[in-house]
Amino acid sequence: MFITTDNSLGIYLKDRRTKLDPAAFGLVGTRRRTPGLRREEVAQRANVSTTWYTWLEQGRGGAPSADVVDRIAHALMLTDVEREHVFLLALGRPPKVRYQAPEGVTPRLQRILDALVLSPAIVKTRTWDIVAWNRAATVVLADYAALPVEQRNVLRLLFGNPHIRERQLHWESLARFVVAAFRADAARAGASKEAEALIDELSRNSPEFAKMWSDHDVCHYGEGIKHLRHPDVGMIAMEFSSFVVDGRSDLSMVVHNPVTPEDADKVRRLIEQQALALP
């Protein structure tokens with residue numbers, strides 16, 4: 001029988017249970033000696049026996065399955081980070097990643113993007129939809145706001161937009177890198193079904209993508225250097241780095257930093273040109 005030494009799982013489950021408001025579940029009109037939900041109410045919501053759930057809180061139940069842990073997490077209305085914590089306490093590992101459709105970014109994250117004045121930065125999902133960007137990205141990489149929402153995708157732009165393609169000094173090597181990194185991201189995010197339609201579309205429309213995808217290469221996005229041909233200022237060299245957004249594992253921020261002072265000056269000039277062109 002699985003018995004924890006300090007019963008950290010049971011203590012945490014009890015703590016979450018007692019902090020729930022019964023009224024939020026339509027449980028009103030009954031006298032309660034203790035705050036929160038009763039054990040039998042959580043057990044019913046999780047579709048487990050009250051006795052077994054009681055033993056789990058007491059640290060003497062059998063080791064729960066991942067499915068049961070997930071149902072208990074749902075019954076207790078745990079957040080994603082709380083759900084992960086329960087899995088770590090119960091099973092010693094995080095849960096399998098659940099794909100989340102893009103929902104945009106918080107105002108705070110957008111302010112971080114905007115503070116990177118000379119560093120083009122974007123936020124992308126695990127299926128590489130671009131959901132946020134800053135002014136430097138608009139003038140250097142692409143005017144995402146002017147694009148239809150469905151076209152704000154790194155792969156669609158790289159393989160289907162001739163203007164974006166023309167800007168890449170080493171298009172083929174960049175494209176191979178992007179395809180390999182996308183394969184790893186989509187699988188890691190549990191987004192294989194969501195990615196299938198995009199992969200099918202790109203394979204139909206781009207023989208080059210189809211060939212690269214069939215190579216089954218996988219790599220980490222990480223960091224590197226990108227060289228762009230900009231129609232107004234010429235070549236721009238930028239170092240790029242990717243960071244997972246804390247609390248949103250489905251999002252990552254990609255920041256491009258100008259390599260030299262001359263490259264930074266070109267970005268500054270483009271921003272100033274855009275400001276002058278605004279009404």
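User: At what angle do α1 and α3 pack, and how far apart are their axes?

Analyst: Two packed helices are described by the angle between their axes and by the distance between those axes. In this predicted model, α1 and α3 pack at an angle of about 115°, and their axes are 6 Å apart. That angle makes α1 roughly perpendicular to α3. On the α1 side the contact is made by Leu9, Gly10, Ile11, Leu13, Lys14 and Arg17, and on the α3 side by Tyr53, Leu56 and Glu57.

User: Are α1 and α5 roughly parallel or roughly antiparallel to each other?

Analyst: Helix α1 covers residues 8-18 and helix α5 covers residues 80-91, and the two pack at an angle of about 150°, with their axes 9 Å apart. Because angles over 145 degrees count as roughly antiparallel, α1 and α5 are described as roughly antiparallel to each other. Their crossing is left-handed. The contact draws on Ser8, Leu9, Tyr12, Leu13 and Arg16 of α1 and on Glu82, His85, Val86, Leu89 and Ala90 of α5, and these residues divide into 6 nonpolar, 2 polar and 2 charged.

User: In what order do the strands of the sheet lie?

Analyst: Strands of a sheet pair through backbone hydrogen bonds, either parallel or antiparallel. Here 5 strands form an open sheet in the order β2-β1-β5-β4-β3, with antiparallel pairing. The edge strands, each of which pairs on one side only, are β2 (130-133) and β3 (223-230). From one strand to the next, the twist averages 30°.

User: How many bridges join β3 to β4, and which residue of β4 stands opposite Ile225?

Analyst: The antiparallel strands β3 and β4 are joined by 8 bridges, and the residue of β4 that stands opposite Ile225 is Glu239. A hairpin through 3 residues leads from β3 to β4.

User: Which strands does helix α6 lie across, and which does helix α13 lie across?

Analyst: Helix α6 (residues 107-115) lies across β1, β2, β4 and β5, and it runs at about 55° to β2. Helix α13 (residues 261-277) lies across β3, β4 and β5, and its direction is at about 90° to β4.

User: Why is the protein chain described as more spread out than a compact globule?

Analyst: The secondary structure of the protein chain comes to 13 helices and 5 strands. Its radius of gyration is 25 Å, well over the 19 Å that the globule rule gives for 279 residues, so the chain is more spread out than a compact globule. Taken along the principal axes, the C-alpha atoms fill a box of roughly 70 × 45 × 35 Å.

Methods:
Residues are numbered from 1 along each chain as its sequence is written. This is a predicted model: local features need pLDDT of at least 70, side-chain atom pairs count only at pLDDT 80 or more; totals for chains, interfaces and linings use all residues. Side-chain values use heavy atoms; hydrogens and water are left out. Two strands pair if DSSP finds at least two bridges between them. Helices (H or I, at least four residues) and strands (E, at least two) are DSSP runs, numbered from the N terminus. Axes are lines fitted to C-alpha atoms, for helices over the stretch in contact, and angles run from 0 to 180 degrees between N-to-C directions. Contact means heavy atoms within 4.5 Å. The radius of gyration is taken over C-alpha atoms; the globule rule is 2.2 Å times the number of residues to the power 0.38. Angles under 35 degrees count as roughly parallel, over 145 as roughly antiparallel, 65 to 115 as roughly perpendicular and the rest as oblique. A crossing is left-handed if the near helix is turned anticlockwise from the far one by less than a right angle, and right-handed if clockwise. Ala, Val, Leu, Ile, Met, Phe, Trp, Tyr, Cys and Pro count as nonpolar, Asp, Glu, Lys and Arg as charged, and the others, Gly among them, as polar.
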